[in-house]
Amino acid sequence: MLELLRFINFLLDIYIFILFAAAILSWLIVFNVVNTRNPAVAMIADFLYRVTEPVLRPIRNRLPNFGGIDVSFIVVILIIYFIQWVIIPNLAKVFI
């Protein structure tokens, strides 16, 4: 069971990196640094959108409008950190 908790922790770490990549790519697209007509950029952007949007959309719907600033990434990262630092260690204590 401990290996399963470590694996879940590892997947959450990877998802945090994916969230950072999606946020950075969205900034690069907004400031016209990357061209979305490039097939490689479009493929990466589509992948990141498909992976992050199912988690971010419900949080965006619940958050108030901050004038164009998207803080849903920060909320998701804080939730993941809470899971990693509070829930997973307490579950690990139960199974030791």
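**View 1. The largest pocket of this predicted model holds about 260 Å³ of space.** The model is a prediction, and in it the largest pocket is lined by Leu19, Phe20, Ala23, Ile24, Ser26, Trp27, Gly68, Ile69, Asp70, Phe73, Ile74 and Ile77. Two helices, helix 1 (2-30) and helix 3 (72-95), each supply at least two residues of this lining, and helix 1 gives the most, with six residues. Sorted by class, the lining of the largest pocket has nine nonpolar residues, two polar residues and one charged residue.

**View 2. The second largest pocket contains about 150 Å³ of space.** Its lining is made of 13 residues, of which Ala22, Ser26, Ala45, Tyr49 and Thr52 are the closest to the centre of the pocket. Helix 1 and helix 2 (39-62) are the elements that give two or more residues to this lining, and the largest share, seven residues, comes from helix 2. When the residues lining the second largest pocket are divided by class, eight are nonpolar, two are polar and three are charged.

**View 3. Helix 1 and helix 2 cross at roughly 120 degrees, with axes that come within 10 Å.** Because of this angle, helix 1 counts as oblique to helix 2, and the crossing of helix 1 and helix 2 is left-handed. On the side of helix 1, the contact is made by Tyr15, Ile18, Leu19, Ala21, Ala22, Leu25 and Ile29, while helix 2 contributes Ile44, Ala45, Leu48, Val51, Thr52, Val55 and Leu56. The residues of this contact between helix 1 and helix 2 comprise 13 nonpolar, one polar and no charged.

**View 4. Helix 1 and helix 3 have axes that come within 10 Å and cross at roughly 170 degrees.** An angle over 145 degrees counts as roughly antiparallel, and therefore helix 1 is described as roughly antiparallel to helix 3. In helix 1, the residues that meet helix 3 are Leu2, Leu5, Ile8, Asn9, Leu12, Asp13, Tyr15, Ile16, Leu19, Phe20, Ala22 and Ala23. Their partners in helix 3 are Phe73, Val76, Ile77, Ile80, Tyr81, Ile83, Gln84, Ile88, Leu91, Ala92 and Phe95. Divided by class, the contact of helix 1 with helix 3 has 20 nonpolar residues, two polar residues and one charged residue.

**View 5. Helix 2 packs against helix 3 at an angle of about 110 degrees, with the two axes 9 Å apart.** Angles from 65 to 115 degrees count as roughly perpendicular, so helix 2 is roughly perpendicular to helix 3. Helix 2 passes helix 3 in a right-handed crossing. The residues of helix 2 that take part in this meeting are Val55, Leu56, Ile59 and Arg60, and those of helix 3 are Ser72, Phe73, Val75, Val76 and Ile79. By class, the contact of helix 2 with helix 3 has seven nonpolar residues, one polar residue and one charged residue.

Technical notes. Residues numbered from 1 in each chain as written. Predicted model: local features only at pLDDT ≥ 70, side-chain atom pairs only at ≥ 80, totals over all residues. Heavy atoms only, no water. 1 Å grid on protein atoms, 1.4 Å probe; cavity = no way out; pocket = protein on both sides within 12 Å on 5 of 7 lines; lining within 4 Å. Points joined across faces, edges and corners; volume = space filled by probe spheres on them. Helix = DSSP H or I, 4+ residues; strand = E, 2+ residues; numbered from the N terminus. Nonpolar A, V, L, I, M, F, W, Y, C, P; charged D, E, K, R; others polar. Axes fitted to C-alpha atoms, helices over the stretch in contact; angles between N-to-C directions. Parallel < 35°, antiparallel > 145°, perpendicular 65-115°, else oblique. Left-handed = near helix turned anticlockwise from the far one by under 90°. Contact = heavy atoms within 4.5 Å.
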